[in-house]
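Please keep the sequence and the model in view while reading.

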Amino acid sequence: MIQSGQFVRSMRPIWSGLLGLCAAMVVSTTWGADAQTEPRGPLRIIVFGAHPDDCELEAGGTAARWAKLGYKVKFVSVTNGDIGHYQIAGAILARRRTAEVKRCAEILGIETEVLDIHDGELLPTLENRRLITRKIREWQADVVIAHRPNDYHPDHRYTGILVQDAAFMVIVPSFCPDAPALRKNPVFLYTEDNFKKPNPFVPDVVVPIDSVIGLKVACIDALESQFYEWNPWLFGYLGDVPKDKAARLEWTRKRTTGRYASLANRFRPKLIELLGEEKGKAVKYAESFEVCEYGTQPSRDDLMRIFPFFTAQ
């Protein structure tokens, strides 16, 4: 029979662990509140996309603007894209798509990584939760960006779910103890989509990308397998793709500027709110992000520190 004193002594390690975890949780949910939780040097942002082209499409312009400020940005393609073509597949396609996003990273001034998970086969497993948790910790991320989990593609949805599932685990020391836990919880953001059910995308930040639209166009031009071959074949306009390289680039420029001009117009009220009427109306191209309910909940001032573009416009 355990005596009361023995019981208290036996429980001390458990209580100590619980108190330590609670302290970590308190620290991690106060973004920038004191010296211990202030971001270290340049902000560090990690963006997860399901395939080698998703990060570039959804956040390439913003990443370029961050990189110009000295922020540290990493794109992670959670699958290797090895079925995203109508003629080639497997390792040959995966290598080609990895080379394409590496070229994009050079254009944007960021880092990139492609995980070796088959395209179309991503699942929200415990193993993959650990993998995503480790990637966030290894990057020492202040900000994490991913798809919303109600996207049309299963890989997109499960990328969103895996990042959501990691949003608490990144601060739990005993989960994946081989990778040191973060001492503060990152701000988690969603990339834009047009899906309405069960809830529509509501932007908290709309980033003008007029100054880097050329880099955005260059990235899409570099993703040849997707935007000159696979998507045109998939959606029935392969015959419209110019054969001449210069003509093809101009074709891509028109399509790209049209897409991100449409997004700027869609979220014009938010641009005006952030920039004022005159500057907000003048923005031609934009990308947008929504704050996730998980992780640290940023104040408006926090968002302006993460996206310090609005006073410089």
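A cavity is a set of grid points where a 1.4 Å probe fits but cannot get out, and a residue counts as lining if it has an atom within 4 Å of such a point. In this predicted model, the count comes to 2 cavities of 30 Å³ or more, and the largest cavity is lined by Ala146, His147, Gly160, Val163, Gln164, Phe188, Leu189, Tyr190 and Cys292. The points below take up these spaces in turn and then move to rings, strands and backbone.

**Cavities**

- The largest cavity holds about 50 Å³ of space, and the elements that give two or more residues to its lining are helix H5 (154–169) and S5.
- By class, the lining of the largest cavity is made up of 6 nonpolar and 3 polar residues, with no charged residues.
- The second largest cavity has a volume of about 30 Å³, and its lining consists of Val47, Phe48, Gly49, Asp54, Cys55, Glu58, Ala146, His147 and Thr191.
- Strand S1 (44–49) and H2 are the elements that give two or more residues to the lining of the second largest cavity, a lining that divides into 4 nonpolar, 3 polar and 2 charged residues.

**Largest pocket**

- About 1000 Å³ of space lies in the largest pocket, which is lined by 40 residues, and the closest to its centre are Leu57, Tyr152, Phe227, Asn231 and Arg259.
- The elements that give two or more residues to this lining are H2, helix H7 (224–234), H8 and strand S7 (286–295), and H8 provides the largest share, with 9 residues.
- By class, the lining of the largest pocket comprises 14 nonpolar, 13 polar and 13 charged residues.

**Aromatic and charge–ring contacts**

- A search of the whole structure finds 8 aromatic pairs, one of which is the tilted pair of Trp66 and Phe307, with 5.3 Å from centre to centre and 35° between the planes.
- Trp66 lies in helix H2 (residues 54–68) and Phe307 in the segment after helix H11 (300–306), so this pair ties together parts that are 241 residues apart in sequence.
- Phe201 belongs to the loop between strand S5 (187–191) and strand S6 (205–208), while Phe267 belongs to the loop between helix H8 (245–266) and helix H9 (268–275), so that the pair links distant parts of the chain, 66 residues apart.
- Phe201 and Phe267 are both buried.
- Arg44 lies over the face of Trp139, at 4.2 Å from the ring centre.

**Strand S7 and its partners**

- In S7, 7 of the 10 residues are buried, so this strand is largely enclosed by the rest of the structure.
- S5 and S7 run antiparallel and are joined by 4 bridges, and the bridge partner of Tyr190 in S7 is Glu290.
- S6 and S7 likewise run antiparallel, joined by 4 bridges, and the bridge partner of Pro208 in S7 is Ala286.

**Backbone details and individual residues**

- A cis peptide bond, with omega about 0°, joins Lys197 and Pro198, and Pro198 is found in the loop between S5 and S6.
- Gln140, in the loop between H4 and strand S4 (143–146), has a positive phi of about 55° although it is not a glycine, and Gln140 is partly exposed, with a relative accessible area of 41%.
- Cys176, in the loop between H5 and S5, also has a positive phi of about 55° without being a glycine, but Cys176 is buried, with a relative accessible area of 4%.
- Arg130 is found in helix H4 (residues 126–139) and is partly exposed, with a relative accessible area of 32%.
- The C-alpha atoms of Arg130 and Leu162 are separated by 9.1 Å, although the two residues are 32 residues apart along the chain.

Note on methods. Residues are numbered from 1 along each chain as its sequence is written. This is a predicted model: local features need pLDDT of at least 70, side-chain atom pairs count only at pLDDT 80 or more; totals for chains, interfaces and linings use all residues. Side-chain values use heavy atoms; hydrogens and water are left out. Rings of Phe, Tyr and Trp (its six-membered ring) pair if their centres lie within 6.5 Å; planes under 30 degrees apart count as stacked, over 60 as edge-to-face and the rest as tilted. Buried means under 20% relative accessible area, exposed over 50%, partly exposed in between (1.4 Å probe, protein chains only). A charge sits over a ring if NZ of Lys or CZ of Arg is within 6 Å of the ring centre and within 35 degrees of the ring normal. On a 1 Å grid over the protein atoms alone, a cavity is a set of points where a 1.4 Å probe fits but cannot get out, and a pocket is an open set with protein on both sides within 12 Å along at least five of seven lines; lining residues have an atom within 4 Å of a point. Grid points are joined across faces, edges and corners, and a volume is the space filled by probe spheres set on the points. Ala, Val, Leu, Ile, Met, Phe, Trp, Tyr, Cys and Pro count as nonpolar, Asp, Glu, Lys and Arg as charged, and the others, Gly among them, as polar. Two strands pair if DSSP finds at least two bridges between them.
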